[in-house]
Amino acid sequence: MNSKTKKLALIGAAAVVLAAGIFMALQAFNENLVFFFSPTQVAAKEAPVGRTFRLGGVVEGGSVTREGDGVTVKFRITDTAQSVNVQYTGILPDLFAENQGVVAQGKLNDQGVFVASEVLAKHDENYMPPEAAKALEDAHKAGVAKAQQEAAAAGAQK
């Protein structure tokens with residue numbers, strides 16, 4: 001092997017190692033990337049099944065039930081347009097309550113139940129995660145627009 005061939009082999013090996021390093025870094029980044037979805041998006045099947053994501057909205061009043069084991073809790077998260085059933089096993093935050101803002105992280109199972117691995121509750125009465133606030137606002141606007149369309153259609157039929 002002459003020196004030119006050795007240099008090319010070294011450059012080729014370095015390129016392969018660099019490409020492998022970039023691939024592994026991008027793969028790790030992709031695995032740790034967690035997206036936010038609203039209950040309306042989950043109901044529209046926009047959320048991935050079996051992949052971790054965040055679900056945010058308000059804990060629906062009257063939906064919280066505790067299982068006999070004392071640590072499993074089932075409840076629904078709503079954005080006023082749609083609701084998603086959630087199951088969480090663990091200690092809930094002290095500020096977790098019905099009709100309060102919440103963001104849960106977990107996976108959607110095959111039955112459409114969001115199995116949460118983490119539940120985050122709002123920290124005071126003026127705070128709601130920006131993603132959850134936007135989801136609620138969008139759902140409210142869609143509901144108002146639908147009600148106006150229905151009222152106009154009913155008025156046109158008279």
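Strands here are DSSP runs of at least two residues marked E, numbered from the N terminus. The views below show a predicted model.

**Figure 1. Overview of the protein chain, with three helices and seven strands.** From the N terminus on, the elements follow the order α-β-α-β-β-β-β-β-β-α. The chain has 158 residues, of which 25% are buried. Among contacts between residues at least 6 apart in sequence, 52% join residues at least 24 apart. The chain exposes about 10400 Å², and carbon and sulfur atoms supply 57% of this area.

Figure 2. Strand E5 gives the largest share of the lining, three residues. Helix H2 (39-43) and strand E5 (83-89) each supply at least two lining residues.

**Figure 3. Lys-45, a residue in the loop between H2 and E2.** The phi angle of Lys-45 is near 60°, a positive value in a residue that is not glycine. Lys-45 counts as exposed because its relative accessibility is 72%, and the cut-off for exposed is over 50%.

**Figure 4. Thr-80, in the loop between E4 and E5.** Thr-80 also has a positive phi, about 75°, although it is not a glycine. With a relative accessible area of 62%, Thr-80 is exposed.

**Figure 5. The salt bridge between the side chains of Arg-76 and Glu-60.** The N to O distance in this pair is 2.6 Å. The pair links distant parts of the chain: Arg-76 belongs to strand E4 (residues 72-78), while Glu-60 sits in the loop between E2 and E3, and the two are 16 residues apart. Arg-76 has 28% relative accessibility and therefore counts as partly exposed. The structure holds two salt bridges; the other view of such a pair is given in the next figure.

**Figure 6. The salt bridge between the side chains of Lys-74 and Glu-67.** Here the N to O distance is 3.8 Å. Lys-74 is partly exposed, with a relative accessible area of 35%. Glu-67 also counts as partly exposed, at 34% relative accessibility. Partly exposed residues are those between the cut-offs for buried, under 20%, and exposed, over 50%.

**Figure 7. Ser-63 and the residues it touches, among them Lys-74 and Arg-76.** Ser-63 is found in the loop between strand E2 (53-59) and strand E3 (65-66). Leaving out residues up to four places away in sequence, Ser-63 touches Lys-74, Phe-75, Arg-76 and Glu-98. Ser-63 has a relative accessible area of 6% and so is buried. Of these contact partners, Arg-76 forms a salt bridge with Glu-60, and Lys-74 forms one with Glu-67.

**Figure 8. A nonpolar surface patch made by Leu-18, Ile-22 and Leu-26.** The area of the patch is about 310 Å². Leu-26 lies in helix H1, which spans residues 3-32. Leu-26 counts as exposed because its relative accessibility is 55%.

Conventions
Residues numbered from 1 in each chain as written. Predicted model: local features only at pLDDT ≥ 70, side-chain atom pairs only at ≥ 80, totals over all residues. Heavy atoms only, no water. Patch = residues over 30% accessible without salt bridge, like charges linked within 9 Å, V, L, I, M, F, W, Y side chains within 5 Å. Areas by Shrake-Rupley, 256 points an atom, 1.4 Å probe, with all protein chains shown as cover. Salt bridge = Lys/Arg side-chain N within 4 Å of Asp/Glu carboxyl O. Helix = DSSP H or I, 4+ residues; strand = E, 2+ residues; numbered from the N terminus. Buried < 20%, exposed > 50% of the residue type's maximum accessible area, 1.4 Å probe, protein only. Contact = heavy atoms within 4.5 Å.
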